[in-house]
Amino acid sequence: MSETPLIGGLTQAPIDSRLAGARIGVVTFPGTLDDRDAIRAVRLSGATAVELWHGDSELAAVDAVIIPGGFSYGDYLRAGAISRFAPLMSKIVDAANSDAKLPVLGICNGFQILTEAHLLPGSMIKNDHLKFLCRDQVLRVENNTSAWTNAYDLGQDITVPLKNQDGQYIADEKTLDALEAEGRVAFRYVGGNPNGSRRDIAGISNAAGNVVGLMPHPEHAVEEGYGPGHTGTDGLGFFTSVLNTLLGGK
Amino acid sequence: MSESTKKFNIDTVANAAVTPDVELPWAELGLKQNEFDDVVKVLGRRPTGAELAMYSVMWSEHCSYKSSKNHLRQFGDKVTEEMKKDMLVGIGENAGVTNLGDGWAVTFKIESHNSPSFVEPYQGAATGIGGIVRDIISMGARPVAVMDPLRFGAIDHPDTARVMHGAVAGIGGYGNSLGLPNIGGEMVFDSIYQGNPLVNALAVGVMRHEDIRLANASGKGNKVVLFGARTGGDGIGGASVLASESFDDTKPSKRPAVQVGDPFAEKVLIECCLELFKGSLVEGIQDLGAAGISCATSELASNGDGGMEVELTSVLLRDPTLTPGEILMSESQERMMAVVTPENVAAFEAVMDKWAVEYSWLGEVTGTGRLIIKWAGEVIVDVDPRTVAHDGPVYDRPYARPEWQDALQADKFNGSAADATRPATAEELKAAVVELIASPNMCSKDWITNQYDRYVGGNTAQAFPDDAGVIRVDEETGLGVALATDANGRYTFLDPYHGAQLALAEAYRNVATSGAIPMAVSDCLNFGSPEDPDVMWQLSEAIRGLSDACMVLGIPVTGGNVSLYNQTGSTPIHPTPVVAVLGKFDDVARRTPSGWKEDGQAIYLLGTTADDLDGSEWANMRGHLGGLPPAVDLERERELGEILINASRDGMIDSAHDLSEGGLAAALVESALRFNTGARVALDEVAARDGVDTFTLLFSETQGRAIVSVPRSEEVRFNDMCTARQFPVSRIGVVDAAGKALDIQGLFTAELDELREAHEGTLPKYFG
């Protein structure tokens, strides 16, 4: 593991001015809820957060994109099924699939949108217990080579909040086998599967490793006093990982 | 004439003037004979159908507070200048506003949605959240959190699961979709609420001072616009019919009178309104809740400086068959009405278009002082808006202390038949503690709170099960607020005056326990029928008690809600005044959590314990309700609050937990389970000091008490502070992180795993 970029404090200027040069876009759809939280997480990692609107037609020269959680369009249809058609989404899909391999992170509803947009395989259905569940969740890092996970140790356990109604990850057996074989299962639930997800999968990446989606919320575990158990900041690694990728060429 | 107008025989004002003898369904709409006569007198003619619809909903108990108004005045009268100094907006607006300093203001309010939540628990509870959140938006604030005080019937009654599942899923489904963290509330099971659960909802919002908005329509020529969801047939007559009747199995289902919520529409409405406020694009704004357009037009016009004229056929409809009266009464959710200057019309429309929110321009502010509503150009309403919105009937309902009150208060738990099995041996006491923390009212509420998002927004510094919810307001300075809601229906049943004060005392104590300085109060007064003199006495006593106590504690009531007719058949609920207290932190980083963490810290008990088992959870578990509730000592509460706040500010304590329902036994177990950290506790010395037996020390609910954990390095300073204030304090134990047990020395040791299993097993056992 290469050296982790230093983390900027809440009220301090970024320690490394190169970090602030990294522009990370956060997309807001109608019904997005965790956009301000994702923006805060980007800022705490030292990078510059750029607000993106779903109806925008350009990516505003961002170096990476986060699609945050929420209930875009109310999730009245399949979660993410409408948002994938937003004008900005086609730009994001193109950029993610291009040679430049734009790093894209989908959290919760963002993960659902990425599967609907076919950047990631599989889909999410209602939790097996049929209830919304909010709890502090332990995840095992199963891949530390992607653009969003390279700051973690392989096999490391991290605790981040989980909160959703439609969090049960499903895919056909062939797809699941392929994900496992290619090392694309990024995170697995530890200490009890909270929603019936196949093979305890909490998050996955695409083949190139620039696109990652997961149901739990790393952006809610970035600041002491406001994360799991009031002290947890395990989620910061996502945001330092992408800075490693952007600045260190990892 | 257009197609839409031909469908009805429109009852115009002109028609009403020449047909005085037309029969009108005023009784079906919930008006009494004398009230209908008043309407005729005010208008000088019979009302049109549309006017009748407006008066009937606006003069309902729910909208007019006609039975409670005479008593509620005390909240405004018993206020000193000192109490007013931080109040930016007081009672009467959609919600009160309190100054937080640094240019920040906070607004909060608690409301009931009891009746709809019994008829249709999911939608009833969901729209309860939706309605209170719109009240907060319409003050110009960004909503930042919600809370939900809940009361259900007996935990093992078959209908309780229906209401519980529906209400909790509704609160979660709506609140989670809005991106509002749910930071606390209450959960009580009691068969007295079997046919009438209490679903109260609190919302809190923050704003800069310059963003405060009020509900008034001023400035002749300004445009009136309705925006948000379309108007449909849901909730018609909800305010007048539902809120004033008890439920009877023999009548047809009232389901159609319950509104249906669309949280996505509300989330978009929130963001859209905040963008309007940011651009200063609205002059006045009002949410549409109970009584829909009737309420919004009459209140905006009544609060304004002129009149208002609107065209009702311009309202966008979900159901084109609605009559003018139905459109005026519809309680369709997720709608707002605003007043916009002609210059801002284009900018307003641009914001609507960005968020894809539908809107329609209904009319404008006039200088006539009248509220005129037209249907395709014909006048169907021509009223003085004050007579609709503010000058409704006021009743001085008879009230008297119930005949049975003396006998009830004489029936003490101590020595009663229910007290025959009082635990005494070590083994019995341990079993009693386990039974207590597994009991319906004292068990873990995780089954509920795990269905609520407490993280969204990233500013939740504390949430349930901590004593108060804590939200950061300003990320730069750490400025924040704490909120707690409390009520004890059993205490208030035994003694309404002191019971209401005890609710305030506990909420105040919970806020102070977190380290925040209490600043303001909002209340939701849930009572039975005001036409019952016993209930009316309970209500008047509770209001008198609460307003007196606010004076002593120096914190004003800034708003609230009264919910009457809460009863099953002829049996009223326990009087349940739910009190919310809001406190302030200069820096939320110094908040005090409720559980132990650090090994070796000393545990202190603040306050003294008396025999206060009447009305307690223990007595409740043994089926006894009688005697007098714990004594209220507001000066003692204030002193305790100052100690907790100063100790938090000066870093003398690392945890604090108030003692209330379940007494010391519940507080010790909750402090241990919070962060899975045990303790060794010795009770003999303090029991001897207070002259009570160990059982009473553990289970009594004497007020003005808290337990705190103090780092060794701070013990001298902490003791000195308590001594200087002459506040009773006793060192009762030490935190033992390795032990993973609660060890009551000389009595018993309870493993934390065993306690946790008992505490957390109850709700899943009943509700899956």
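1. With 21 C-beta neighbours inside 10 Å, Asn561(B) counts as buried. For that label, a residue needs 20 or more other C-beta atoms within 10 Å of its own; 12 or fewer makes it exposed, anything in between partly exposed, and the C-beta atoms are placed from the backbone. Before going on, keep in mind that this is a predicted model, where local features need pLDDT of at least 70 and side-chain atom pairs count only at pLDDT 80 or more, while totals for chains, interfaces and linings use all residues. Residues are numbered from 1 along each chain as its sequence is written, and chains are lettered from A and ligands numbered from 1 in the order in which they are written.

2. Back to Asn561(B): it sits in strand S18 (residues 557-563) of chain B. Helices (H or I, at least four residues) and strands (E, at least two) are DSSP runs, numbered from the N terminus. UniProt, in an unreviewed entry, lists Glu111(B) and Asn561(B) under "binding site". The two are spread over 451 residues of sequence, yet they cluster in space, with a largest C-alpha distance of 5.3 Å. A caveat on the record: its positions are given in the numbering used here, feature names are shortened, and annotations may be inferred rather than shown by experiment.

3. Leaving aside neighbours within four places in sequence, Glu111(B) is in contact with several residues, among them Gly128(B), Asn200(B), Cys524(B) and Asn561(B); contact here asks for C-beta atoms, placed from the backbone, within 7 Å of each other.

4. Now chain A. In an unreviewed entry, UniProt puts the feature "active site" at Cys108(A), His217(A) and Glu219(A). These span 112 residues of sequence but cluster in space, the largest C-alpha distance being 10.9 Å. Cys108(A) lies in the loop between strand S4 (104-107) and helix H4 (109-116) of chain A. Why does Cys108(A) count as buried? Because it has 28 C-beta neighbours inside 10 Å. Apart from residues up to four places away in sequence, Cys108(A) touches Gly69(A), Asn164(A), Met215(A) and His217(A).

5. His217(A) is in the loop between strand S11 (211-214) and helix H6 (236-248) of chain A. It is buried, with 29 other C-beta atoms within 10 Å. Beyond its neighbours within four places in sequence, its contacts include Asp34(A), Cys108(A), Lys163(A) and, from the other chain, Tyr455(B).

6. On the interface: 26 residues of chain B are in contact with 26 residues of chain A. Helix H10 (158-178), helix H12 (263-278) and S14 of chain B each supply at least two residues of the side of chain B that touches chain A. H12(B) gives the most to that side, with 4 residues. The residues on that side of chain B divide into 11 nonpolar, 10 polar and 5 charged. In this count Ala, Val, Leu, Ile, Met, Phe, Trp, Tyr, Cys and Pro are nonpolar, Asp, Glu, Lys and Arg charged, and the others, Gly among them, polar.

7. S14(B) also takes part in some strand pairing. Strand S14 (residues 460-462) of chain B runs antiparallel to S15(B), joined to it by 2 bridges; strands pair if DSSP finds at least two bridges between them. A hairpin of 6 residues connects S14(B) to S15(B), and Thr460(B) has Ile471(B) as its bridge partner in S15(B). S15(B) also pairs in the antiparallel sense with strand S16 (residues 480-486) of chain B, over 4 bridges. There, Val470(B) has Ala482(B) as its bridge partner. In strand S15 (residues 469-472) of chain B, Gly469(B) and Ile471(B) point one way and Val470(B) and Arg472(B) the other, and all are buried.

8. Last, a helix in chain A. Leu88(A), Met89(A), Ile92(A) and Ala96(A) are buried in helix H3 (residues 87-97) of chain A. They cover an arc of only 100 degrees around the axis, so they are on the same side of H3(A); the arc is that of the directions from the helix axis to the C-beta atoms. Pro87(A) and Asp94(A) are exposed residues on the face of H3(A) turned away from its buried side. The buried residues of H3(A) pack against strands of chain A that include S4 and S11.

Notes:
Two residues are in contact if their C-beta atoms, placed from the backbone, lie within 7 Å.
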